[in-house]
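This report describes selected features of a predicted model. It treats salt bridges, strand pairing and surface patches in turn.

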Amino acid sequence: MGCDGGTIPKRHELVKGPKKVEKVDKDAELVAQWNYCALSQEILRRPIVACELGRLYNKDAVIEFLLDKSAEKALGKAASHIKSIKNVTELRLSDNPAWKGDKGNTKGDKHDDLQRARFICPVVGLEMNGRHRFCFLRSCGCVFSERALKEIKAEVCHTCGAAFQEDDVVVLNGTREDVQVLKSRMEERRLRAKLGKKVKKPKAAEAASKPDVGEESAGPSNVKSGRPEEAGLDAREKRISPAPRGAAGASSSGRAGRPPCAAAKRPTAASGESEAYKSLFTSHSSAKRSREESAHWVTHTSYCF
């Protein structure tokens, strides 16, 4: 069948063997991971954010994804673990002075060097092109190479000086093992946050119920005794003003079995009071008149006979 004109077919054209596994070009994969958004597949542009698994996104793409969670988005699987904008961290990237971008490519005939990266490590100077491992800090968002963190060991950020812990270090575009470790950390962190919220809710409910109980208990006492201010004023008036004799006698005679109340004693000047206070009483020296000042008992008026 066929082979007209003296053509001789070869064996691989007639016999179909097993299909060869297609190998992904490493350079193309690195370019896709470090230069394009994992959600929208667009070129990365500031502001750039990273998730807790170390993937790079455009911030506007993440916001659009959170606002529109329709089932039609096939690329949403790459960001299914992002539940809110708090799950991503905005990165502080250091520009590469040797990267010119599309400034000189006006005619479209310039060769693009894919190995030249837009960003570098601010400590060591390595380019962030995928050839070297990079990581960022969740506490501040600064990006460094892993070599810089290993060589210069410190508990604070090399750029901004913010304190961080070992769990705050997230590897960017790591291997499968790195992603599994980061995923377990993410699940533990979110579980701790949920438990913290559950503990806070009962405390808030108890704090809200305590004032209500206090108000209920204070109600009957207010009804029986009236206002505390008025009660205090009445008590003070009773202490200061002496009771009238007639009222005291009536009350004493009305009560059976009790001795009659003694007449109210006239208050005398206390030794510890001031002179102005002492002068109010008849026992004070100022109230006593000398014999010369006092009038004689014999009157000199003409009305007396």
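## Accessibility classes

In this report, a residue is called buried under 20% relative accessible area, exposed over 50%, and partly exposed in between. Arginine 131, with a relative accessible area of 45%, is therefore partly exposed. The structure discussed is a predicted model, and the classes above are applied to its residues below.

## Salt bridge between aspartate 27 and arginine 131

Over the whole structure, 11 salt bridges are found. One of them joins the side chains of aspartate 27 and arginine 131, with an N to O distance of 2.7 Å. Because aspartate 27 belongs to helix α2 (residues 26-35) and arginine 131 to the loop between β5 and β6, this pair ties together parts that are 104 residues apart in sequence. Aspartate 27 has a relative accessible area of 33% and is thus partly exposed, and arginine 131 is partly exposed as well, at 45%.

Arginine 133 is located in the loop between β5 (119-120) and β6. Its relative accessible area of 35% places arginine 133 in the partly exposed class. In space, the C-alpha atoms of arginine 133 and arginine 147 are separated by 7.8 Å, while the two residues are 14 apart in sequence.

Which residue forms a salt bridge with arginine 133 at a closest N and O separation of 2.6 Å? The partner is glutamate 146. Since glutamate 146 lies in helix α4 and arginine 133 in the loop between β5 and β6, the pair ties together parts that are 13 residues apart in sequence. Glutamate 146 is partly exposed, its relative accessibility being 21%. A salt bridge also connects the side chains of arginine 133 and aspartate 178, at 3.0 Å from N to O. Here distant parts of the chain are linked, 45 residues apart: aspartate 178 is in helix α5 (residues 176-225), and arginine 133 is in the loop between β5 and β6. Aspartate 178 has 18% relative accessibility and so counts as buried.

## A salt-bridge network

Salt bridges also link Glu52, Arg138, Asp168, Arg189 and Arg190 in a network.

## The sheet of β1, β2 and β3

An open sheet is formed by 3 strands in the order β2-β1-β3, with antiparallel pairing. Because β2 (56-58) and β3 (89-90) are at the edges and each has a single partner strand, one side of each is left without a neighbour in the sheet. Strand β1 (residues 48-50) runs antiparallel to β2 and is joined to it by 3 bridges. Across this pairing, isoleucine 48 stands opposite asparagine 58 of β2.

Strand β6 (residues 134-137) is covered on both faces. Phe134 and Phe136 are buried on one side, and Cys135 and Leu137 are buried on the other.

Two pairings of β6 can be followed residue by residue. With strand β7 (residues 143-145), β6 pairs in the antiparallel sense over 3 bridges, and phenylalanine 136 has valine 143 in β7 as its bridge partner. The hairpin of β6 and β7 has 5 residues between the strands, and glycine 141 takes a positive phi near 90° in this hairpin. The pairing of β6 with β8 is likewise antiparallel and has 4 bridges; here leucine 137 has valine 169 in β8 as its bridge partner.

## Surface patches

Where is the negative surface patch formed? The residues that make it are Glu166, Asp167, Glu187 and Glu188. Of these, aspartate 167 is in the loop between α4 (146-151) and β8 (169-172). Aspartate 167 has a relative accessibility of 38%, so it counts as partly exposed.

A nonpolar surface patch of about 290 Å² is made by Ile63, Leu67 and Ile85. Isoleucine 63 belongs to helix α3 (residues 59-67). Isoleucine 63 counts as partly exposed because its relative accessibility is 38%.

Notes. Residues numbered from 1 in each chain as written. Predicted model: local features only at pLDDT ≥ 70, side-chain atom pairs only at ≥ 80, totals over all residues. Heavy atoms only, no water. Patch = residues over 30% accessible without salt bridge, like charges linked within 9 Å, V, L, I, M, F, W, Y side chains within 5 Å. Areas by Shrake-Rupley, 256 points an atom, 1.4 Å probe, with all protein chains shown as cover. Salt bridge = Lys/Arg side-chain N within 4 Å of Asp/Glu carboxyl O. Lys, Arg positive; Asp, Glu negative; His and termini not counted. Charge placed at Lys NZ, Arg CZ, Asp CG, Glu CD. Buried < 20%, exposed > 50% of the residue type's maximum accessible area, 1.4 Å probe, protein only. Pairing = 2+ DSSP bridges.
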